[in-house]
Amino acid sequence: MPRYDFRCEECGERFTAWASINERDKVVCPKCESNRVKQLLTGFGIIGGSQSSSSLSAGSSGCTSFG
């Protein structure tokens, strides 16, 4: 089951919840129990042991632009 980050629109609490993709709209704030929560966009990283650190960089800044 995926983990999602949320922010409550009532009290501002930021929290993480485990929910299936179909249950994300049923998540409630653990602090005030409001159902007015907004899912936050978060990134993730993958670390592998088979590549050197130089092969993981994307240009001199280490950032990649998409668009």
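Helices, of at least four residues, and strands, of at least two, are DSSP runs, numbered from the N terminus. In this predicted model, the chain has three strands and one helix. Along the sequence, their order is β-β-β-α.

**The chain as a whole**

The chain has 67 residues, and 18% of them count as buried. Now take the contacts between residues at least 6 apart in sequence. Of these, 31% join residues at least 24 apart.

| Strand | Residues |
|---|---|
| β1 | 3-8 |
| β2 | 14-18 |
| β3 | 37-40 |

**The nonpolar core**

Which residues make up the largest nonpolar core? There are nine: Tyr4, Phe6, Cys8, Phe15, Ala17, Ala19, Val27, Cys29 and Val37. Strands β1 and β2 each supply at least two residues of this core. The largest share comes from β1, with three residues.

Ala17 is one of the core residues. Leaving aside residues up to four places away in sequence, alanine 17 touches Pro2, Arg3, Tyr4, Phe6 and Val27. Tyr4, Phe6 and Val27 also belong to the core.

**A buried aspartate**

Strand β1 also holds aspartate 5. This residue is buried, yet it has no salt bridge. Why is there no salt bridge? A salt bridge needs a side-chain nitrogen of Lys or Arg within 4 Å of a carboxyl oxygen of Asp or Glu.

Aspartate 5 does have a polar partner. Its side chain and that of threonine 16 are joined by a polar contact of 2.7 Å. What else does aspartate 5 touch? Not counting residues up to four places away in sequence, the list is Phe15, Thr16, Lys38, Gln39, Leu40 and Thr42. Phe15 is a member of the nonpolar core as well.

**An exposed glutamate**

Where does glutamate 33 lie? Glutamate 33 is in the loop between β2 and β3. Its phi is near 65°. That is a positive value in a residue other than glycine. Is glutamate 33 buried or exposed? Its relative accessibility is 64%. Exposed means over 50%, so glutamate 33 counts as exposed.

Terms used. Residues are numbered from 1 along each chain as its sequence is written. This is a predicted model: local features need pLDDT of at least 70, side-chain atom pairs count only at pLDDT 80 or more; totals for chains, interfaces and linings use all residues. Side-chain values use heavy atoms; hydrogens and water are left out. Buried means under 20% relative accessible area, exposed over 50%, partly exposed in between (1.4 Å probe, protein chains only). Contact means heavy atoms within 4.5 Å. Lys and Arg count as positive and Asp and Glu as negative; His and the chain ends are not counted. A polar contact is a pair of N or O atoms within 3.5 Å; within protein, one must be able to donate a hydrogen and the other to accept it, and residues adjacent in sequence count only if both atoms are side-chain atoms. A nonpolar core is a set of buried Ala, Val, Leu, Ile, Met, Phe, Trp, Tyr and Cys residues joined through side-chain atoms within 4.5 Å.
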